Amino acid sequence: MKHLVTYTHPNPKSFNHAIKEAFVEELEGNGQEVRVRDLYEIGFYPVLTASDFEKIQNGTVLDDVKAEQDHIRWAEVITFIHPIWWTGMPALMKGYIDRVFTFGFAYLIDEHGVKGLLQDKKAIIINTTGTDRETYGKIGMLKSLTQTIDDGIYKFCAMEIVDHKYFCAVPYITNEERITMLKEVRNIARSVSGR
């Protein structure tokens, strides 16, 4: 199976990086084809400009956007790994969505309404939070995050959500708890490897 891992975190010593490494290692160990797009490492430009809009409307795709869209076309499963900052995805990840998930590529709108165009793609989302699960649960934040990320982006584009995993309170937990979380990450990778 072809897996695209889209990863966003600026710190190579972060727990997000450890998640990405464990996930990719498990996929590759199970004989999967894997491509990783580390948005910081590749220097992805996240700002959607007026010029971008003009080009999209004229049917022109910028080279850096086309490269990312080609990776998405290639993939069967796309995994998004990033932290939750200020109750949302990092600006770089949001900019990737803004520029890459464009009209005509990820969705269309016609006389029948919105039609997602990525219906042959499965999505896995793995997020870390600084806030604990109980607090986020009480205020409904996990539900809100799932609605905006899963429904508002990926399901809107007709992707099938295989899993959306939140690892909460990451800065405040023990190393043993982090090890348990990384085992969960490996289990997710195995579950989509068909093994």
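Where is the place of Lys-121? In this predicted model, Lys-121 sits in the loop between β5 (113-116) and β6.

**Lys-121 and its surroundings**

- A polar atom of the Lys-121 side chain lies 2.8 Å from the backbone oxygen of Arg-73.
- A polar atom of the Lys-121 side chain also lies 2.6 Å from the backbone oxygen of Ala-75.
- Once neighbours within four places in sequence are set aside, Lys-121 is in contact with Ile-72, Arg-73, Trp-74, Ala-75, Glu-76, Ile-78, Met-159 and Glu-160.

**The nonpolar cores**

- As general background, nonpolar side chains tend to be buried together in soluble globular proteins.
- The largest nonpolar core here has 34 residues, and the members that touch the most others are Ile-72, Phe-80, Tyr-96, Phe-101 and Tyr-154.
- Two or more residues of this core come from each of α3 (63-74), β3 (77-83), α4 (91-100), β6 (122-128), α6 (141-155) and β7 (160-167).
- Helix α6 gives the most to this core, namely six residues.
- Phe-80 touches Thr-6, Met-93, Tyr-96, Phe-101, Ala-123, Ile-124, Ile-125, Ile-126, Tyr-154 and Met-159, if residues up to four places away in sequence are not counted.
- There is also a second, separate core of 21 residues, which includes Tyr-7, Phe-15, Ile-19 and Phe-23.

**Aromatic rings and charges over them**

- Searching the whole structure turns up seven aromatic pairs.
- One aromatic cluster is formed by Phe-44, Phe-80, Tyr-96, Phe-101 and Tyr-154.
- Arg-35 is placed over the face of Trp-74, at 4.0 Å from the ring centre.
- Lys-20 is placed over the face of Tyr-7, at 5.2 Å from the ring centre.

**Helix α1**

- Helix α1 covers residues 15-29; its 15 residues should span 21 Å at 1.5 Å a residue, and the end C-alpha atoms are 21 Å apart, so the two values agree.
- Its buried residues are Phe-15, Asn-16, Ile-19, Lys-20, Ala-22, Phe-23, Val-24, Glu-26 and Leu-27.
- Those buried residues of α1 pack against β1, β2, β3, β6, β7 and α7 (175-191).
- Lys-20, one of the buried residues of α1, is the lysine that lies over the face of Tyr-7.
- After α1 comes Gly-31, with a positive phi near 75°.

- The 12 residues of α3 should span 16 Å at 1.5 Å a residue, and the end C-alpha atoms of α3 are 16 Å apart, so expectation and model agree.
- Buried in α3 are Val-65, Glu-68, Gln-69, His-71, Ile-72 and Trp-74.
- The packing partners of these buried α3 residues are β1 (2-7), β2 (33-38), β3 and α4.
- Strand β2 holds Arg-37, which is buried with a relative accessible area of 16%.
- Apart from neighbours within four places in sequence, Arg-37 is in contact with Leu-4, Val-5, Thr-6, Tyr-7, Ile-42, Glu-68 and His-71.
- Glu-68 and His-71, two of these contacts of Arg-37, are among the buried residues of α3.

**Loops and backbone angles**

- For context, most residues other than glycine have a negative phi.
- Trp-86, in the loop between β3 and α4, has a positive phi near 50°.
- Trp-86 is exposed, with a relative accessible area of 85%.
- Ala-169, in the loop between β7 and α7, has a positive phi of about 55° although it is not a glycine.
- Ala-169 is buried, with a relative accessible area of 11%.

**Thr-135**

- Thr-135 belongs to helix α5 (residues 133-139) and is partly exposed, with a relative accessible area of 35%.
- Thr-135 and Cys-168 are separated by 33 residues in sequence, with their C-alpha atoms 10.0 Å apart in space.

How values were computed
Residues numbered from 1 in each chain as written. Predicted model: local features only at pLDDT ≥ 70, side-chain atom pairs only at ≥ 80, totals over all residues. Heavy atoms only, no water. Phe/Tyr/Trp six-rings, centres within 6.5 Å; stacked < 30°, edge-to-face > 60°. Lys NZ or Arg CZ within 6 Å of the ring centre and 35° of its normal. Core = buried A, V, L, I, M, F, W, Y, C linked by side-chain atoms within 4.5 Å. Buried < 20%, exposed > 50% of the residue type's maximum accessible area, 1.4 Å probe, protein only. Helix = DSSP H or I, 4+ residues; strand = E, 2+ residues; numbered from the N terminus. Contact = heavy atoms within 4.5 Å. Expected span 1.5 Å × (residues − 1). Polar contact = N/O pair within 3.5 Å; in protein donor to acceptor, adjacent residues only side chain to side chain.
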